[in-house]
Amino acid sequence: MKIEIKSGGYDSMAESMKGLKRTHRCTELSAENIGETVTVMGWVQKSRNKGGIIFVDLRDRSGLLQIIFEEQDAGTENFEKAEKLRSEFVIAVVGKVEKRSGAENEALLTGGIEIRAEQLRILSESETPPFPIEANSKTKEEMRLKYRYLDLRRPDLQRNIMLRSRIAATMRNYFMEEGFIEIETPMLAKSTPEGAREYLVPSRIHPGNFYALPQSPQLFKQLLMCSGYDRYVQIVKCFRDEDLRADRQPEFTQVDLEMSFVD
């Protein structure tokens, strides 16, 4: 099945992934999978046509994996599609895991293997990106923010976001083992007379009245302690309408915990 997409004068032939199911992320494959037929999906980082053989670096959030297209294995139709692949095309590939025929790339987790493609589907085509999708980009911040959905594909930013996720999971696991309950407190609340300035949100239902975005959930801490939740924790958003500081911005996240009956 092919779907024709027309946008801004650009015609695209996108194929459906119906019937395919991804078996592995790129770097979940290793030498232990040699000989297996797998299905991988992701973005084209780079494509190199060497005449009769096409090398494609496939990227997903886990990293890079080399795909090899040869007409005798992939068939004429798939090989001709592979010739059209460009940076940031989204593709699905079915193929067999092999030991890399050339020199191993020790800089990659998958540097010792490659996929010999048997099937190819182009799930989405791409125009030439306004800047390279690569780590340590030298592109101006204004340009990266304008195309934030492209900037967030860069491996260094993805590593940062995934690291934050692992840190949050580690904290949650630790506090659960120590008998804490994770409780989510309201984001819209009555303003409290504390030190920092609060962001106010007008109420549509009650004209002239405002909710405050919490600068800290102190009010709820006290309520929960009095209610018998003797150990609770939350990874909570806080908002402070004040000038920037080295370690503080208008919106930030803090680990908040409260305990009763502690020695």
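**Entry 1: a strand pair**

I started at Ile54 and looked up its bridge partner in β5, which is Phe69. I then checked the two strands around that bridge. Strand β4 covers residues 53-60 and strand β5 covers residues 63-70. They pair in the antiparallel sense, over 8 bridges. I note here that I am reading a predicted model.

**Entry 2: the barrel**

Next I followed the strands around. I found a closed barrel of 5 strands, in the order β3-β4-β5-β7-β6. The pairing in this barrel is mixed. I looked up the twist as well: from one strand to the next it averages 55°.

**Entry 3: Glu114**

I moved to β7, residues 113-124, and picked Glu114 in it. Does Glu114 count as buried or exposed? I found it buried. I looked for a salt bridge to Glu114 and there is none. Arg100 has the nearest side chain of opposite charge, 4.5 Å away.

What does the side chain of Glu114 reach instead? I noted a polar contact of 2.9 Å with the side chain of Gln66. I also noted the backbone nitrogen of Ser101, at 3.3 Å. Among the other residues that Glu114 touches are Ile68, Lys96 and Val97.

**Entry 4: Glu28**

Last, I went to the loop between β2 (10-15) and β3 (37-49), where Glu28 lies. Glu28 counts as partly exposed because its relative accessibility is 44%. Its side chain reaches the backbone nitrogen of Arg25 at 2.8 Å. I also checked Glu28 against Leu109: they are 81 residues apart in sequence, and 9.0 Å apart in space, C-alpha to C-alpha.

Technical notes
Residues are numbered from 1 along each chain as its sequence is written. This is a predicted model: local features need pLDDT of at least 70, side-chain atom pairs count only at pLDDT 80 or more; totals for chains, interfaces and linings use all residues. Side-chain values use heavy atoms; hydrogens and water are left out. Helices (H or I, at least four residues) and strands (E, at least two) are DSSP runs, numbered from the N terminus. Buried means under 20% relative accessible area, exposed over 50%, partly exposed in between (1.4 Å probe, protein chains only). Lys and Arg count as positive and Asp and Glu as negative; His and the chain ends are not counted. A salt bridge is a side-chain nitrogen of Lys or Arg within 4 Å of a carboxyl oxygen of Asp or Glu. A polar contact is a pair of N or O atoms within 3.5 Å; within protein, one must be able to donate a hydrogen and the other to accept it, and residues adjacent in sequence count only if both atoms are side-chain atoms. Contact means heavy atoms within 4.5 Å. Two strands pair if DSSP finds at least two bridges between them. Axes are lines fitted to C-alpha atoms, for helices over the stretch in contact, and angles run from 0 to 180 degrees between N-to-C directions. Lists of a residue's contacts leave out its neighbours within four places in sequence.
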